[in-house]
Amino acid sequence: TALGADPTSKQYYLRIKGLLEAEIKVLGFKSLHIYRPSLLLGHRDEFRLGEELATGIYRRFQTIYPKALDKYRPIEVDKLSRFIIRKIWEKEPGVHVWENQDMLAG
């Protein structure tokens, strides 16, 4: 879904993502993995001004990016994809919520 997804969020986008997660959890899947990445870095066919600006700012200042903000550090699409594929192959039962820092470390 997205970093910060929460059904009680005051921000509409994050509230909808959180509500969606809650609804999916009650469906009773044997195994459910929810991924909450930060800004995705990689090629995109469509142009999104906000993402382009955020990516440019991050890339320019990534060497001085404070450790305190690691939770929000953008993630390369390739790294996220490898993480998701690994979790699929592990076939671990239950509900798993993966936060951005989990995916960056893994």
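This report describes the largest nonpolar core of a predicted model and the aromatic pairs found in the structure.

The largest nonpolar core is made up of six residues: Tyr-35, Ile-75, Leu-80, Phe-83, Trp-98 and Met-103. One of these, Ile-75, has contacts with Pro-37, Ser-38, Leu-39, Leu-40, Leu-41, Leu-80, Asn-100, Met-103 and Leu-104, when residues up to four places away in sequence are not counted. Leu-80 and Met-103, both among the contacts of Ile-75, are also members of the core.

Two aromatic pairs turn up in a search of the whole structure. Their geometry is as follows.

| Pair | Centre to centre | Angle between planes | Type |
|---|---|---|---|
| Tyr-35 and Phe-83 | 6.2 Å | 90 degrees | edge-to-face |
| Phe-83 and Trp-98 | 5.4 Å | 80 degrees | edge-to-face |

The pair of Tyr-35 and Phe-83 links distant parts of the chain, 48 residues apart: Tyr-35 belongs to strand E1 (residues 31-36) and Phe-83 to helix H3 (residues 77-90). Tyr-35 and Phe-83 are both buried.

Phe-83 also pairs with Trp-98; their planes stand at 80 degrees, so this pair is edge-to-face. Because Phe-83 is in helix H3 and Trp-98 is in strand E4 (residues 94-99), the pair ties together parts 15 residues apart in sequence. Trp-98 is buried, as is Phe-83.

Through these ring pairs, Tyr-35, Phe-83 and Trp-98 are linked into a cluster. The three residues of the cluster, Tyr-35, Phe-83 and Trp-98, are also listed in the largest nonpolar core.

How values were computed:
Residues numbered from 1 in each chain as written. Predicted model: local features only at pLDDT ≥ 70, side-chain atom pairs only at ≥ 80, totals over all residues. Heavy atoms only, no water. Core = buried A, V, L, I, M, F, W, Y, C linked by side-chain atoms within 4.5 Å. Buried < 20%, exposed > 50% of the residue type's maximum accessible area, 1.4 Å probe, protein only. Contact = heavy atoms within 4.5 Å. Phe/Tyr/Trp six-rings, centres within 6.5 Å; stacked < 30°, edge-to-face > 60°. Helix = DSSP H or I, 4+ residues; strand = E, 2+ residues; numbered from the N terminus.
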